[in-house]
Amino acid sequence: MLIIDRIEEGRAVCEDEDGRQVILTEFPDGVTEGDVLVSNESGQLIVDSSLTDQRRKKAVELSRRIQGRRRNQKTP
């Protein structure tokens with residue numbers, strides 16, 4: 001599993017499951033930041049829409065919790 005961090009100069013900068021950076025020069029058309037790539041039966045990388053959606057929902061939830069904590073903090 002690889003997660004697209006960013007796409008720059010025709011390369012996809014990804015992170016693997018162990019947090020290591022992986023750079024891809026070939027990747028599926030239309031991928032965007034945050035997409036999760038997995039290998040299919042043929043060994044080709046494809047976007048796993050289900051995993052991508054799960055990760056995005058978790059990120060939104062975490063962001064909301066962090067923002068809620070900031071609002072609840074008292075300012076001096």
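Student: What kind of link do the side chains of Arg6 and Glu8 make?
Tutor: The side chains of Arg6 and Glu8 meet in a salt bridge, with 3.1 Å from N to O; the term asks for a side-chain nitrogen of Lys or Arg within 4 Å of a carboxyl oxygen of Asp or Glu. This is a predicted model, in which local features need pLDDT of at least 70 and side-chain atom pairs count only at pLDDT 80 or more, while totals for chains, interfaces and linings use all residues. Residues are numbered from 1 along each chain as its sequence is written, and side-chain values use heavy atoms, with hydrogens and water left out.

Student: Is Glu8 buried, partly exposed or exposed?
Tutor: Glu8 is partly exposed, because its relative accessible area is 40%, and the scale calls a residue buried under 20%, exposed over 50% and partly exposed in between, with a 1.4 Å probe and protein chains only. Salt bridges with shared partners join Glu8, Arg6 and Asp5 into one network.

Student: And what is the N to O distance for Arg6 and Asp5?
Tutor: That salt bridge comes out at 2.4 Å. Arg6 has 29% relative accessibility, so it counts as partly exposed, and Asp5, at 43%, is partly exposed as well.

Student: How many salt bridges are there by this rule?
Tutor: The count comes to 5, including one between Asp18 and Arg20 at 3.0 Å, N to O. Asp18 is exposed, because its relative accessible area is 59%.

Student: Changing topic, where is Asp35 found?
Tutor: Asp35 is in the loop between strand E3 (21-24) and strand E4 (36-39), where strands are DSSP runs of at least two residues, numbered from the N terminus.

Student: Buried or exposed, that Asp35?
Tutor: Asp35 counts as buried, because its relative accessibility is 7%.

Student: What does the side chain of Asp35 join in a polar contact of 3.1 Å?
Tutor: It joins the side chain of Arg56; a polar contact is a pair of N or O atoms within 3.5 Å, where within protein one must be able to donate a hydrogen and the other to accept it, and residues adjacent in sequence count only if both atoms are side-chain atoms. A polar atom of the Asp35 side chain also lies 2.8 Å from the backbone nitrogen of Thr32.

Student: Which residues make up the largest nonpolar core?
Tutor: It has 7 residues, namely Leu2, Ile4, Ala12, Cys14, Leu24, Val31 and Leu37, and a core here is a set of buried Ala, Val, Leu, Ile, Met, Phe, Trp, Tyr and Cys residues joined through side-chain atoms within 4.5 Å. Strand E1 (2-8) and strand E2 (11-16) are the elements that give two or more residues to this core.

Student: How do E1 and E2 run?
Tutor: They run antiparallel, joined by 6 bridges, and pairing needs at least two DSSP bridges. Ile7 stands opposite Ala12 in E2, and in this hairpin, with 2 residues between the strands, Glu9 takes a positive phi near 50 degrees.

Student: And how many bridges join E2 to E3?
Tutor: There are 4, and the two strands run antiparallel, with Glu15 opposite Gln21 in E3. Their hairpin has 4 residues between the strands, and Gly19 in the turn has a positive phi of about 85 degrees.
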